[in-house]
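Hi,

Here is the structure I promised to pass on.

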Amino acid sequence: MIFMDILSHPFWAISTALLALVVRLQRRALWDPKACAVRLTGKTAIVTGANTGIGKFIALDFARRGARVILACRSESRGTAAVNEIRQITGNTDVHLRLVDLSSMKSVRDFAKRILEEETALHILVNNAAVSGLPKQITKDGFEASFATNHLGPFLLTNLLLDLLKRSAPARIVTVSSVNHKRGEVDFSHFHGKNLVHYMDQVYNHTKLHNIICTNELSRRLRETGVTANSVHPGVVMTEVMRHYPFWIRYPFNLIGFFFFKSPEEGAISAIYCAVAEEMEGVTGKYFDSDCSLVLPAPLARDPALAVKDFDICERLTSKL
């Protein structure tokens, strides 16, 4: 009883509210996109997974800056709704939907083919789309579904669009990874669904590690081309990435998220920073935290020999499809 009396004292309610306020203030990034005057008039940008969450706010920012923005989405209905919303908010009518399922290499190739036929330039590519908590499943291409969606699909898409990016230089590639990559492992049998434990975010963590490894190697291969490639951690964000988790996990996540997690708009800031900030011109092969600060990724992500091997394997796997 005494213990419960102590917990019910107003002091604890006030302390909790103050702690929540401090945490929310600390969520703010060092860089404010609204204070950045960079315009993207005449520029073309592609954002994957842009119908909701972080991706939609990235696309919204680009549209506000006057860019031609292409939302690369799997759902036509949700993608169309996002396009209409962004057009209405920004007044920019040069915002368009192109359908792609990143888990299907054929869909990725069809999407890239259409882009290359329709677009004369591409200045920004943001690989944002990702899934977490998917049950064990193998795609028609023989890849584990999360690896296909989070890594191999974006990897292939980026490589198919590289020549267009080079012709449009200076251009930037931004890959949305996660601090969870530090808990990831590299096992190339994972690509085909072998030796994987489908529990919580374990598979997701592996894919996010591969994102950074291959982005770093891509940046090395793009030296002197005028195209940069960087990875970012958006922060712990309240998005739909948790939709595949059971209710008993999602409910407490959403419950405490208001106080401690970033909103999708806040989560978009680090990717926007890498895509448009003037001080990022020429910066490549780096990993940025959710506050837009330059940080070191996990040791595996900094291994150049592993990066070459990983990139070559991904090239061989995706070039056959």
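Let me start inside the sheet: leucine 125 has isoleucine 173 in β5 as its bridge partner. Strands here are DSSP runs of E with at least two residues, helices are runs of H or I with at least four residues, and both are numbered from the N terminus. Two strands count as paired if DSSP finds at least two bridges between them.

Before going further, some housekeeping. This is a predicted model, in which local features need pLDDT of at least 70 and side-chain atom pairs count only at pLDDT 80 or more, while totals for chains, interfaces and linings use all residues. Numbering runs from 1 along each chain as its sequence is written, and side-chain values use heavy atoms, with hydrogens and water left out.

Back to the sheet. It is open, with mixed pairing, and its eight strands come in the order β3-β2-β1-β4-β5-β6-β7-β8. β3 (95-99) and β8 (294-295) sit at the edges with a single partner strand each, so one side of each has no neighbour in the sheet. β1 (residues 44-48) and β2 are parallel and share five bridges; isoleucine 46 is opposite isoleucine 70 in β2. Of the six residues in β2 (residues 68-73), five are buried (under 20% relative accessible area; exposed is over 50%, partly exposed in between; 1.4 Å probe, protein chains only).

The loop between β5 and α8 holds two residues worth a click. Serine 177 lies there and counts as buried because its relative accessibility is 1%. Beyond four places in sequence, serine 177 has contacts (heavy atoms within 4.5 Å) with residues including Tyr204, Asn211, Val232 and His233.

Methionine 200 is in the loop between β5 (171-176) and α8 (202-221) too, but with 35% relative accessible area methionine 200 is partly exposed.

Finally, confidence. Mean pLDDT (the predictor's confidence in each residue, from 0 to 100) is 88 for the protein chain, with 83% of residues at 70 or more. Where pLDDT is low, the predicted coordinates should not be read in detail.

Cheers
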